[in-house]
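Reader: I have a protein structure open and want to learn how to read it. Could you take me through some features, step by step?

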Amino acid sequence: MKVAVVGATGLVGRKMLQVLEERNFPVTELLPVASERSVGKEITFKGKNYKVMGMQDAIDMKPQIAIFSAGGDTSLEWAPKFAAAGITVVDNSSAWRMDPTKKLVIPEINADTLTREDKIIANPNCSTIQMLVALAPLHKKYRVKRVVVSTYQSVTGSGLKGINQLEGEREGKEVKKAYAHQIDRNCLPHCDSFTDNGYTKEEMKLVNETCKILNDDTIKVTATAVRVPVEGGHSESVNIEFEQDYDLGELRDLLAHTPGIVVQDDPSQNLYPMAITANEKDEVFVGRLRRDFSQPNSLNLWVVSDNLRKGAATNAVQIAEYLNEHHLI
């Protein structure tokens, strides 16, 4: 299969190339695409060097699929042009997520809604993906009524700028800031920009994307998103109120038998999910499962995942795998 990776030189784009190689996606010809200033640079894929090309050149070469991670403005401009040429686009930006004409897909949850006619498919936000992989089976069985989530998000969510600021501050260097304040030895309750309602865009993504992906507008979600001085891996404290009561052992067993989830929940052995152990893994790790005694039918849990992998690159590649396996491209 001829595959274009748009934004191939960026942090997520490079991770996409890594995941495509690791998962042995049937790439017969790779088209690495990036901005004009990167055209002509070389990237390596499966031991072979490829020259980075521009957008129009990639369209002219007619790949079957284009995986985008080049920012919202780029996606808004170019994804429709790829789609018009008959190329299926899987887009990792926020550009198309809440467009009612576009599918917002986590393969474990709603890939079965995809059709051959879906030419622009949206990849959800990283923090939404890991939370909903854990929530979806619970919603199916117990019906989720309300979710209160606090996220603890890695600097890799801000790309190379976030990493450079954290590492520079740790080394005592003057650095170009990705954040409004110091991130080393600090936590910032500020992911993305603030909106008029007092929430950040990141927080509102958790609210809006949850309802769209689970296809249920009755679910109430409130979120606080925090940037923490961690390189790789988002963590989330999630409180869920269900419509129905649950048996904790049965609930734990349900999660343990859900594809894509690893339950790590043995406090007596200090076993619980951590960003450092989720690093470079594709699964969503769930632990600290415990009943919320302050509210009927409620549960607390801790969810961790590698935000560059399952939160971005791996989810996009899994969508491509589904499309390929079901002959939708």
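Reader: How many residues apart are E202 and K205 in helix α7, and what does that separation amount to along the helix?

Author: One caution before we start: this is a predicted model. E202 and K205 are 3 residues apart in helix α7 (residues 201-213), so about one helical turn separates them. Their side chains meet in a salt bridge, 3.7 Å from N to O.

Reader: Are E202 and K205 buried or exposed?

Author: Use the cut-off: buried means under 20% relative accessible area. E202 has 5%, so E202 is buried. K205 has 16%, so K205 is buried too.

Reader: How many salt bridges does a search of the whole structure find?

Author: The search finds 23. One of them joins the side chains of R309 and E22, at 2.7 Å from N to O. R309 lies in helix α10 (residues 309-325) and E22 in helix α1 (residues 11-22), so this pair ties together parts that are 287 residues apart in sequence. R309 is buried, at 2% relative accessibility. E22 is partly exposed, at 47%.

Reader: Which residue forms a salt bridge with E321?

Author: The partner is R23, and the closest N and O atoms are 2.9 Å apart. E321 sits in helix α10, while R23 sits in the loop between α1 and β2, so the pair links parts 298 residues apart in sequence. E321 is buried, with a relative accessible area of 14%. R23 is partly exposed, with 29%.

Reader: Which residues do salt bridges with shared partners join into one network?

Author: The network holds K15, E22, R23, E280, D282, R309 and E321.

Reader: Now strands. What holds the strands of a sheet together?

Author: Strands pair through backbone hydrogen bonds, either parallel or antiparallel. Here, 6 strands form an open sheet in the order β2-β1-β5-β6-β8-β7, with parallel pairing. β2 (29-33) and β7 (103-104) stand at the edges, each with a single partner strand, so one side of each has no neighbour in the sheet. Look inside the sheet as well: β6 (residues 88-91) pairs with β8 (residues 120-122) over 3 bridges. V89 has I120 in β8 as its bridge partner. Helix α3 (residues 72-84) lies across β1, β5, β6 and β8, and runs at about 170 degrees to β5.

Reader: How do β10 and β11 run relative to β9?

Author: β9 (residues 144-153) and β11 (residues 234-242) run antiparallel, joined by 8 bridges. Find Y152: its bridge partner in β11 is S235. β9 and β10 (residues 220-227) run parallel, also with 8 bridges. There, T151 has A225 in β10 as its bridge partner.

Reader: Last topic, rings. What describes a pair of aromatic rings?

Author: Two values do: the distance of the centres and the angle of the planes. The whole structure has 5 aromatic pairs. Y142 and Y246 form an edge-to-face pair, 6.1 Å centre to centre, with 65 degrees between the planes. Y142 lies in helix α5 (residues 126-142) and Y246 in the loop between β11 and α8, so the pair ties together parts 104 residues apart in sequence. Both Y142 and Y246 are buried. F242 and Y246 are edge-to-face too, at 5.7 Å and 75 degrees. F242 is buried, with a relative accessible area of 1%.

Reader: Which residue lies over the face of Y246?

Author: R291 does, at 4.1 Å from the ring centre. Likewise, K81 lies over the face of W78, at 4.2 Å.

Definitions and conventions: Residues are numbered from 1 along each chain as its sequence is written. This is a predicted model: local features need pLDDT of at least 70, side-chain atom pairs count only at pLDDT 80 or more; totals for chains, interfaces and linings use all residues. Side-chain values use heavy atoms; hydrogens and water are left out. Two strands pair if DSSP finds at least two bridges between them. Helices (H or I, at least four residues) and strands (E, at least two) are DSSP runs, numbered from the N terminus. Contact means heavy atoms within 4.5 Å. Axes are lines fitted to C-alpha atoms, for helices over the stretch in contact, and angles run from 0 to 180 degrees between N-to-C directions. A salt bridge is a side-chain nitrogen of Lys or Arg within 4 Å of a carboxyl oxygen of Asp or Glu. Buried means under 20% relative accessible area, exposed over 50%, partly exposed in between (1.4 Å probe, protein chains only). Rings of Phe, Tyr and Trp (its six-membered ring) pair if their centres lie within 6.5 Å; planes under 30 degrees apart count as stacked, over 60 as edge-to-face and the rest as tilted. A charge sits over a ring if NZ of Lys or CZ of Arg is within 6 Å of the ring centre and within 35 degrees of the ring normal.
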